[in-house]
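Have the model open in your viewer as you read.

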Amino acid sequence: MQAETLPADALARPASSPARNSVNNDWIRFGAWSGLIFSVMFMSIALVPMPDRLSTVIALLFPLFLLVGHVGLYHFLSQHRPAFTTQLAVIFGICAPVLVSAMLTAQMSLISYMERYYHPLDEVTKASQINIWRAVDSVQLGLDVAWDMFILPTIILFSLGLMKHPAFGRVFGGIGLFLGTGGLILNIWTFPTPPINVGLPDVGPFAVTWYGILFMLMIRANRKMA
């Protein structure tokens with residue numbers, strides 16, 4: 001019996017298109033909702049009084065939702081127009097949540113330790129402990145700047161793709177480009193101290209609001225496409 005032969009290009013063919021599209025759609029759907037959850041979590045910590053344990057849990061979890069949101073946004077933009085800038089954006093966008101997670105973990109561990117073990121008995125001891133606090137606190141401040149140095153280029157690079165996508169447009173993408181570029185300049189100018197610590201504007205709340213609108217627009221556009 002003669003063995004069945006395969007077409008010459010069989011090994012070079014990609015995986016079946018329906019399966020690949022299904023995975024992309026899952027990334028887009030879960031990524032959009034994860035990004036929106038991130039925005040709500042971040043703003044909740046900043047604006048809503050809550051128990052310390054709840055705020056700790058939210059702070060530990062929201063970087064995970066941001067990471068998934070970035071990957072989903074990458075798939076969404078790549079469906080319309082694959083680009084090097086979008087690929088670079090998702091690389092930075094994966095690194096940024098890792099850094100903010102490290103920053104928040106160090107920050108919360110430091111505060112917990114200082115509150116538990118440091119109880120000044122006199123002014124001399126108090127002054128010494130303040131100096132220790134400032135020295136150790138500089139570690140988490142440095143991680144805060146490192147997080148900004150990744151999340152802001154992420155916003156800039158993704159905004160370049162948003163400006164060319166019909167679901168977002170030049171105005172919305174331009175706002176992201178402005179926020180990312182302005183925040184990056186401020187962080188480089190004031191390093192090693194975050195801009196807000198020297199009295200300059202903090203683009204963080206504006207960027208998170210922009211993210212929230214971004215992922216809501218992404219959810220709406222994905223539903224229309226479906």
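## Helix H5

In this predicted model, helix H5 runs over residues 169–190, 22 residues in total. From its first C-alpha to its last it reaches 32 Å, close to the 32 Å expected at 1.5 Å a residue.

Which residues of H5 are buried? They are Gly169, Phe172, Gly173, Gly176, Leu179, Gly180, Gly183, Leu184, Asn187 and Thr190. Looking down the axis of H5, you will find these buried residues within an arc of 150°, so they line one face of the helix. Arg170, Val171, Phe178, Ile185, Ile188 and Trp189 are exposed on the other side of H5.

## H5 against H6

Two packed helices are described by the angle between their axes and the distance between the axes. For H5 and H6, the axes come within 11 Å and cross at roughly 150°. The two helices, H5 and H6, are therefore roughly antiparallel to each other, since an angle over 145 degrees counts as such. H5 passes H6 in a left-handed crossing.

On the H5 side, the contact is made by Phe172, Ile175, Gly176 and Leu179. H6 contributes Phe206, Ala207, Trp210, Ile213, Leu214 and Leu217. Phe172, Gly176 and Leu179 are also among the buried residues of H5.

## H2 against H6

Next comes another pairing for H6. Helix H2 covers residues 52–80 and helix H6 residues 204–225; their axes come within 11 Å and cross at roughly 50°. That angle makes H2 oblique to H6, and the crossing of the two is left-handed.

From H2, the residues that meet H6 are Leu66, Gly69, His70, Gly72, Leu73, Phe76 and Gln79. Their partners in H6 are Tyr211, Leu214, Phe215, Met218, Ala221, Asn222 and Met225.

Leaving aside neighbours within four places in sequence, Asn222 is in contact with Ile28, Arg29 and Phe76.

Where does Met163 sit? Met163 lies in the loop between helix H4 (123–162) and H5. With a relative accessible area of 22%, Met163 is partly exposed.

Have a look at Met163 and Gly173 together: they are ten residues apart in sequence and 4.5 Å apart in space, C-alpha to C-alpha. Setting aside neighbours within four places in sequence, Met163 is in contact with Gly169, Arg170, Gly173, Gly174 and Leu177. Among these, Gly169 and Gly173 are buried residues of H5, while Arg170 is exposed.

Notes
Residues are numbered from 1 along each chain as its sequence is written. This is a predicted model: local features need pLDDT of at least 70, side-chain atom pairs count only at pLDDT 80 or more; totals for chains, interfaces and linings use all residues. Side-chain values use heavy atoms; hydrogens and water are left out. Helices (H or I, at least four residues) and strands (E, at least two) are DSSP runs, numbered from the N terminus. The expected span of a helix is 1.5 Å times one less than its number of residues. Buried means under 20% relative accessible area, exposed over 50%, partly exposed in between (1.4 Å probe, protein chains only). The arc is that of the directions from the helix axis to the C-beta atoms. Axes are lines fitted to C-alpha atoms, for helices over the stretch in contact, and angles run from 0 to 180 degrees between N-to-C directions. Angles under 35 degrees count as roughly parallel, over 145 as roughly antiparallel, 65 to 115 as roughly perpendicular and the rest as oblique. A crossing is left-handed if the near helix is turned anticlockwise from the far one by less than a right angle, and right-handed if clockwise. Contact means heavy atoms within 4.5 Å.
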